[in-house]
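Here are some notes to read with the model open beside you. Please have the viewer ready before you start on the points.

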Amino acid sequence: MINMNQIFKKTGLFLTAFVGVLLSSKAIRAAVLTEPTNAMQDITDTFTSAPRLADGPAGANPFSWGTTKIQANFVRDGHLTGRTDKLIVTSKGTITMQESASAGYTFSNMWNILSADAYSELGAGDKSGTIQGGSKDRIMDISGDTTITVGDHTADMAKNAGKKVWIGNKVQTYHSIRPIKSNYYVTQETYTDVGQITLKPTITGTPAATNPNISGTGTQTGDKISVVVNGTTKETTVKADGTWSLNWGGKLPVQAKMTVTETNAYGDKPGTVEATISGTDLSITSKETAINLMPSDIEGYQNMSDDQVMADLIKRFGITAIDKADNNSSTGIIIGTSDSQFLKNLRQASGGTSVSTPFTATKSGETVAMANPLTVTVGAGMLSFSTMPARSDFAKTMINGQGQIVQRTGDWNVGVTDTRKSGSPWYLSVSESPLTNSETGKELSGYVYYTADGQNETKIGTGSTFIASGQKATGVGDTYKLNDGWTDNKGILLHANSDVTIGSYNGTMDWSLSDAPTK
């Protein structure tokens with residue numbers, strides 16, 4: 001028999017050295033491992049000879065076949081991998097029958113085998129041999145090559161990654177003397193470790209919700225990369241340059257966890273890396289979908305900045321925007337519109353026209369738009385009273401037997417608001433019913449009149465009496481107040497005649513506002 005310790009080198013430190021190099025060197029970690037191929041490689045030096053009998057009859061010894069060379073496919077760094085499914089074992093030497101010469105046994109079948117450390121068969125290949133002449137069938141020359149195939153044990157091979165496996169043999173001896181009997185000798189001859197590494201994928205940068213392109217690096221070319229987000233999985237593979245990439249196909253969920261796992265068919269330890277998807281989760285809503293503006297509003301916009309106009313529209317529409325990913329905060333959100341011509345068109349809008357736009361919310365480079373546009377309709381404008389007193393009074397006055405002026409008291413604030421276009425005219429008129437004594441029903445001896453300058457009087461009677469006129473000025477909220485500038489001798493006053501009698505007198509005043517002079 002051949003002393004296998006002279007053929008094989010001790011390599012028991014393989015796993016420690018291999019893993020240490022992979023993890024400690026940035027240069028090696030940065031360079032992707034090339035995926036093993038189906039090409040056969042000589043891995044003899046990675047095995048250690050330590051023949052032992054795994055099974056056999058009582059008193060049996062291991063058969064050492066003089067293994068001189070071991071080749072395998074899918075080799076990485078000189079070692080078997082969990083994907084190895086073919087080995088070629090070269091033997092040189094002879095084996096001798098262990099049964100006694102008188103027992104009548106002959107060699108029958110032989111196999112080279114690949115087995116797990118706690119013996120279970122992972123692969124086998126038929127072995128041929130030649131009986132040596134003159135040995136009375138007791139010596140067999142087993143020199144030559146044997147091909148071991150893993151076959152149905154591929155999954156078991158991957159499960160043994162990182163563990164010890166053996167190259168050995170199985171010998172069957174046989175005799176035909178009744179009762180017919182066979183003996184089987186199973187020898188584990190030389191061992192090695194199936195290479196195993198821990199895969200370490202990476203994710204490039206921080207995944208962003210608005211960027212569907214995800215990338216990173218892997219450990220070995222061809223490895224499968226699985227990306228999981230909120231229960232959805234998408235897969236790709238590590239490319240030759242060590243990178244991987246995929247397009248998610250749409251917006252990623254904000255603040256969701258992304259899990260990237262690298263796996264392969266070599267029995268390597270899967271690697272996982274996680275990241276939280278950055279970005280915003282914006283929502284924009286409005287209380288109103290349409291508002292009405294007046295020509296005066298549009299005129300006011302001419303002298304306002306774009307930001308001021310937008311602020312006014314946001315308030316009128318009741319627009320709010322929040323970031324759900326930031327505790328529903330509105331901080332840092334800019335509300336605007338995707339239509340660059342919207343404000344220009346709005347400033348040019350005239351009565352009876354409408355302008356629409358989808359309003360948007362923007363934060364940290366992300367923009368979302370309302371599902372439907374909001375509409376601004378510009379009306380023709382309105383001429384109206386802004387204020388009108390429910391009661392106006394003249395002061396209590398002592399009768400002196402002479403004609404006298406009675407002053408006003410209380411509320412005389414008659415206001416005019418005009419939201420029409422600039423230059424539109426307006427006219428204010430009033431009529432007054434006779435002032436009558438509330439007890440006697442007798443009319444007051446005197447008259448109510450209006451004077452703008454304190455000299456010229458215009459009596460106010462039952463017919464419409466012109467009081468004031470004006471034109472719509474440019475600006476928002478243009479308002480005219482009738483009693484601005486009134487004094488003791490200006491405005492609406494009461495002239496009491498010398499024969500007026502004591503009493504309390506009441507009447508009504510009817511105000512009218514028009515865009516044309518009263519006839």
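1. Ground rules. This is a predicted model, in which local features need pLDDT of at least 70 and side-chain atom pairs count only at pLDDT 80 or more, while totals for chains, interfaces and linings use all residues. Residues are numbered from 1 along each chain as its sequence is written, and side-chain values use heavy atoms, with hydrogens and water left out.

2. Length of helix H5. Helices (H or I, at least four residues) and strands (E, at least two) are DSSP runs, numbered from the N terminus. H5 covers residues 306–317, twelve residues, and at 1.5 Å a residue it should span 16 Å, which agrees with the 16 Å between its end C-alpha atoms. The expected span here is 1.5 Å times one less than the number of residues.

3. Faces of H5. Which residues of H5 are buried? They are Val309, Met310, Leu313, Ile314 and Phe317, where buried means under 20% relative accessible area, exposed over 50% and partly exposed in between (1.4 Å probe, protein chains only). Looking down the axis of H5, these buried residues fall within an arc of 135 degrees, so they line one face of the helix; the arc is that of the directions from the helix axis to the C-beta atoms. As a reminder, an α-helix has 3.6 residues a turn, so residues three or four places apart point the same way. Asp307 and Lys315 are exposed on the other side of H5. Just after H5 comes Gly318, with a positive phi of about 70 degrees.

4. Positive phi away from glycine. Most residues other than glycine have a negative phi. Have a look, then, at Asn327, whose phi is near 55 degrees. Asn327 sits in the loop between strand E22 (319–323) and strand E23 (334–337) and is exposed, with a relative accessible area of 74%. Ser364 is another residue to check, with a positive phi near 50 degrees. Its loop runs between strand E25 (359–363) and strand E26 (366–369), and Ser364 is exposed, at 68% relative accessible area.

5. The largest pocket. How much space lies in the largest pocket? About 930 Å³. On a 1 Å grid over the protein atoms alone, a pocket is an open set of points where a 1.4 Å probe fits, with protein on both sides within 12 Å along at least five of seven lines, and lining residues have an atom within 4 Å of a point. Grid points are joined across faces, edges and corners, and the volume is the space filled by probe spheres set on the points. There are 32 lining residues, and the closest to the pocket centre are Asp393, Phe394, Leu435, Tyr505 and Asn506. Strands E29 (392–394), E30 (404–406), E39 (491–496), E40 (505–506) and E41 (509–514) each supply at least two residues of the lining. E29 gives the most, with three residues.

6. Thr219, in the loop between strand E14 (213–217) and strand E15 (224–229), counts as buried at 4% relative accessibility. A polar atom of the Thr219 side chain lies 2.7 Å from the backbone nitrogen of Lys200. Ser424 belongs to the loop between strand E32 (415–418) and strand E33 (425–432) and is buried too, at 11% relative accessibility. The Ser424 side chain reaches the backbone oxygen of Lys421 at 2.9 Å.

7. A partly exposed loop residue. Ala265 is in the loop between strand E18 (257–263) and strand E19 (271–276), and is partly exposed at 47% relative accessible area. Between the C-alpha atoms of Ala265 and Thr232, 33 residues apart along the chain, there are 23 Å.

Conventions: A polar contact is a pair of N or O atoms within 3.5 Å; within protein, one must be able to donate a hydrogen and the other to accept it, and residues adjacent in sequence count only if both atoms are side-chain atoms.
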